[in-house]
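Start with the sequence and the coordinates.

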Amino acid sequence: MRRIQIFDTTLRDGEQSPGVALHHGQKLEIAHQLAHLGVDVIEAGFPISSPGDAEGVARIAREVRGVTIAALARAAKTDIEVAARALEAAEHGRIHVFIATSPIHMAKKLQLSPEAVIDRAVQAVTLAKQLAAEVEFSAEDASRSELDFLIQIFRAAAQAGASVLNAPDTVGYATPREYGELIGRLCAALPESTLSAHCHDDLGLAVANSLAAIEAGAGQLECTVNGIGERAGNASLEEIVMALHTRRDSYPMETGVNTRELYRSSRLVSRLTGMLVQPNKAVVGDNAFAHESGIHQDGVIKARETYEIMNADLVGREAAVLVLGKHSGRAAFRKAVVELGYNLSEERIAELFGRFKDLADRKGQIHSEDLRALIDAESEVPQHFVLESLQVLSGTHVTPMATVRLRTPQGIRQAAATGDGPVEATFLAISQLSELELELEAYRIQSVTRGGDALGEVSVTARHRGALVSGIGLATDVVEASARAWIQALNQVVGGSRSLRPAEPTP
Ligand code: KIV
Ligand code: ZN
């Protein structure tokens with residue numbers, strides 16, 4: 001069986017999704033989960049884009065083991081040096097150098113001749129090879145580049161030290177037949193190198209193109225959890241992995257991914273990025289294993305295989321199991337946390353236990369999904385501001401008003417504010433207390449499980465002096481969940497761990 005390398009770029013290309021801003025703790029949490037999932041390479045970020053991103057990559061390089069950590073760099077000296085510094089502590093580091101190779105990108109964006117582009121690529125790969133264990137070279141917009149030129153630049157990059165050559169369909173334009181042919185020709189021309197596919201989903205063809213690429217000989221696929229990424233996103237990791245697993249007859253290849261971790265990875269990425277998964281999304285969507293029509297239900301009861309080509313257990317979708325109640329003690333709580341696969345310090349367990357008790361008191365039963373949401377929502381953000389209490393007045397014919405008590409470094413403080421609605425009033429009162437300017441960019445709300453007693457989960461993305469921060473809040477009351485999300489975003493600002501959006505245009 002051919003082994004296909006899975007290069008996950010959720011934390012780099014995925015984080016370039018509009019409105020997504022992950023702080024270090026969240027990036028690290030996702031990176032640990034990706035390692036646990038069994039990907040071969042984690043592209044942790046684009047260090048030159050901001051000091052925050054460089055720090056995020058460095059932290060992942062220091063703390064995540066057993067997997068290659070990659071950092072993106074343009075074909076420029078400073079980019080490569082900054083990427084190399086961020087990767088210093090990695091067990092196995094890879095600098096991912098890229099430059100555009102299509103006529104339109106070279107002429108309009110780079111304003112460089114093809115010869116100058118080759119020179120830059122060679123200089124960049126040569127430097128990167130001196131500073132990292134491994135170098136990957138990407139020819140941005142490869143699918144719209146001239147084949148002979150692509151072969152020429154790839155040969156030069158390979159000679160300079162790049163062992164992985166990536167041919168991205170940057171704008172999601174290729175069809176599976178075209179992309180497969182391109183990869184096939186590149187593999188024939190560069191038999192010593194690993195060819196990699198990186199497909200965007202502008203025409204909804206990213207997964208099909210990735211599969212065409214491995215049929216044609218590619219040894220590495222670049223993808224993201226839930227298919228998040230620039231514009232319409234990247235090829236979805238879970239769809240690729242399950243296509244290979246389910247259709248081994250067509251694709252006699254394997255990956256190192258533990259399929260049972262797919263659902264958990266999807267939920268984690270969705271929660272922390274605030275990007276909801278569409279219900280009908282293959283493999284991880286809410287409806288992916290749900291049968292509505294009577295004929296289908298009848299068939300599945302008689303023999304699951306009548307309408308299901310994959311087993312839900314295989315992707316880690318266990319039913320919402322009751323794990324705890326309001327009388328559960330700390331030992332039971334700790335056991336449930338471990339059973340869900342989390343490895344948390346005693347200090348974190350103690351912090352979470354308080355919140356768990358609070359939720360269990362109000363909700364009664366806490367299911368595995370609730371517990372996961374709680375752990376993910378209460379991720380490692382310094383607690384400069386803590387919600388003490390919230391009172392909200394709202395309804396028809398009244399001006400919505402919120403009164404908030406907050407624990408701040410200066411002690412307990414209280415403020416009240418009015419707004420167009422209870423959420424706005426709450427945000428204004430909290431912002432007043434924090435004395436920080438925060439402008440709301442995106443607000444999303446969803447229920448964690450189904451049913452009337454489900455927990456409400458709110459995620460916000462906000463802007464502070466040009467930087468994006470995000471927060472997640474969980475509560476039985478959605479206004480309280482909103483308050484918690486806003487406070488988490490503020491805590492990120494104070495903690496200074498925000499990942500600033502790059503000032504430079506990103507790839
Ligand atoms: O889509 C693209 O071309 C990229 C490269 C930087 C690999 O993301
Ligand atoms: Zn991309």
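Which residues of α3 are buried? They are Asp79, Ile80, Val82, Ala83, Ala84, Ala86 and Leu87. Buried means under 20% relative accessible area, exposed means over 50%, and partly exposed lies in between (1.4 Å probe, protein chains only).

## Basis of the model

This is a predicted model, in which local features need pLDDT of at least 70, side-chain atom pairs count only at pLDDT 80 or more, and totals for chains, interfaces and linings use all residues. Residues are numbered from 1 along each chain as its sequence is written, chains are lettered from A and ligands numbered from 1 in the order in which they are written, and side-chain values use heavy atoms, with hydrogens and water left out.

## Overall build

The protein chain has 16 helices and 18 strands. Its radius of gyration is 24 Å, close to the 23 Å that the globule rule gives for 507 residues, so the chain is as compact as a globular protein of that length. The radius is taken over C-alpha atoms, and the rule is 2.2 Å times the number of residues to the power 0.38. Helices (H or I, at least four residues) and strands (E, at least two) are DSSP runs, numbered from the N terminus.

The C-alpha trace spans about 70 × 60 × 45 Å along its principal axes. Of the 507 residues, 57% count as buried. The chain exposes about 21000 Å², and carbon and sulfur atoms supply 50% of that area. Areas come from the Shrake-Rupley method with a 1.4 Å probe; for residues, only the protein chains shown count as cover. Among contacts with a separation of 6 or more, 67% join residues 24 or more positions apart. Contact means heavy atoms within 4.5 Å.

## The barrel and its helices

A barrel is closed by 8 strands, in the order β2-β3-β4-β5-β6-β7-β8-β9, with parallel pairing. The twist averages 25° from one strand to the next. Two strands pair if DSSP finds at least two bridges between them. Strand β8 (residues 194-199) and strand β9 (residues 220-223) pair in the parallel sense over 3 bridges. There, His198 has Glu222 of β9 as its bridge partner.

Helix α3 (residues 77-87) lies across β4 (68-74) and β5 (93-100), at about 160° to β4. Its buried residues pack against α2 (51-63), β4, β5 and α5 (114-131). Helix α7 (residues 176-189) lies across β7 (164-169) and β8, at about 160° to β8. Axes are lines fitted to C-alpha atoms, for helices over the stretch in contact, and angles run from 0 to 180 degrees between N-to-C directions.

## The zinc site

Which residues coordinate the zinc ion (ligand 2)? The donors are Asp13 (OD), His198 (NE2) and His200 (NE2), at 2.0 to 2.1 Å. Asp13 sits in the loop between β2 (5-8) and α1 (24-37), while His198 is in strand β8, 185 residues apart. This pair links distant parts of the chain. The donor spacing in sequence is D-x184-H-x1-H.

Asp13 and His198 are buried. Donors are N, O and S atoms within 2.8 Å of the metal (3.2 Å for Na, K and Ca); water is not among the atoms, so sites may look incomplete.

## Two helices: α9 and α10

In helix α9 (residues 237-246), 7 of the 10 residues are buried, so the rest of the structure largely encloses α9. They are Leu237, Glu238, Ile240, Val241, Met242, Ala243 and Leu244. These residues pack against β2, α1, α8 (206-215), β9 and α10 (262-273).

Helix α10 holds Ser270. Ser270 is buried, with a relative accessible area of 8%. Not counting residues up to four places away in sequence, Ser270 touches Asn226, Met275, Leu276, Val277 and Gln446.

## The open sheet

An open sheet of 3 strands runs β16-β17-β18 with antiparallel pairing. The edge strands are β16 (439-447) and β18, each pairing on one side only. The twist averages 15° from one strand to the next. β16 and β17 pair over 8 bridges, with Ile445 opposite Val458 in β17.

Strand β17 (residues 456-464) and β18 pair over 9 bridges, and Glu457 stands opposite Leu474 in β18. The two strands form a hairpin with 2 residues between them. In the turn, Arg465 has a positive phi of about 45°.

How many of the 9 residues of strand β18 (residues 467-475) are buried? The count is 9 of 9, so β18 is largely enclosed by the rest of the structure. Ala467, Val469, Gly471, Gly473 and Ala475 point one way, and Leu468, Ser470, Ile472 and Leu474 the other way. In a regular strand the side chains alternate between the two faces of the sheet.
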